[in-house]
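Here is a short report on a single chain and its ligand.

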Amino acid sequence: MALICVFNGPNLNMLGTREPEIYGRETLKDVETLCADKCRTLGHDMRFTQSNSEGDLVTWIQEARGKADGIVINPAAYTHTSVAIRDALAAFGGPFVEIHISNVHARESFRHKSYLSDIASAVICGCGIAGYGYAIDTVSRLIAKG
Ligand SMILES: O=C1C[C@@](O)(C(=O)O)C[C@@H](O)[C@@H]1O
C-alpha cells in the first residue's frame with residue numbers, strides 16, 4: 001500500500017462558487033471524495049490538503065519526502081510564479097503529477113508558463129475535476145513501476 005499526497009493551492013477552497021463557467025460547480029469536498037474513492041479502489045492511503053499559502057505547500061512537499069510515494073498537485077496560481085514549489089518538488093524524489101481543472105493553454109498567456117511542467121512526471125489539464133482521478137491513476141502506475 002502506497003501513500004499518495006494530493007496538494008491544492010490558493011483559491012481552490014472556493015471551488016463550486018469561484019468562476020463556475022471555468023472551474024465547474026463541484027466543490028473541493030467533491031474533489032476530495034473523488035480522490036479518496038480512487039485511492040481506496042487502488043488500495044492506497046491518501047493525504048488531501050489545501051492552502052492559500054505558498055509556504056504551507058513548500059512545507060507539505062518537504063514533509064512528504066521519505067514518507068509519501070507520490071504527489072498529485074494543483075498549485076493553482078503558484079504554478080505560474082513559484083520557484084520555491086518547483087525546488088521542493090525537485091527535492092521530493094518520487095513521481096509527481098501536475099493537474100489543472102481548466103485548460104490553462106486556452107486561457108491568458110500568463111497561464112501558459114508553468115514552473116513545474118518540465119520536471120513533472122505528467123501534466124493533466126482541461127479535464128475538469130476528473131483530471132484528479134487520472135492523475136492518481138498515473139502516479140499509482142509510476143509508483144508500481146518503481
Ligand atoms: O487557480 C487556478 C486553478 C488552475 O490551477 C486550474 O486548476 O485550472 C489554473 C490556474 O491558472 C489558476 O490560477
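## Fold

The chain runs β-α-α-β-α-β-α-β-β-α along its sequence. That gives 5 helices and 5 strands. Helices (H or I, at least four residues) and strands (E, at least two) are DSSP runs, numbered from the N terminus.

This is a predicted model: local features need pLDDT of at least 70, side-chain atom pairs count only at pLDDT 80 or more, and totals for chains, interfaces and linings use all residues. Residues are numbered from 1 along each chain as its sequence is written.

## Burial

Buried residues account for 37% of the 146 residues. Buried means 20 or more other C-beta atoms within 10 Å of the residue's own; exposed means 12 or fewer; partly exposed lies in between; C-beta atoms are placed from the backbone.

## Ligand shell

Around the ligand sit Asn11, Asn74, Ala76, Ala77, Thr79, His100, Ile101, Ser102, Val104 and Arg111.

## Helix 3

Helix 3 covers residues 54-64, and its Leu57, Ile61 and Ala64 are buried. Down the helix axis, these buried residues fall within an arc of 60 degrees, so they line one face. The arc is that of the directions from the axis to the C-beta atoms. Gly55 and Gln62, on the other side, are exposed.

The buried residues of helix 3 pack against strand 1 (3-8), strand 3 (70-74) and helix 4 (83-92). Contact here means C-beta atoms, placed from the backbone, within 7 Å. Just after helix 3, Gly66 has a positive phi of about 80 degrees.

Methods
A residue is near a molecule or strand if its C-beta atom, placed from the backbone, lies within 6 Å of it. Two residues are in contact if their C-beta atoms, placed from the backbone, lie within 7 Å.
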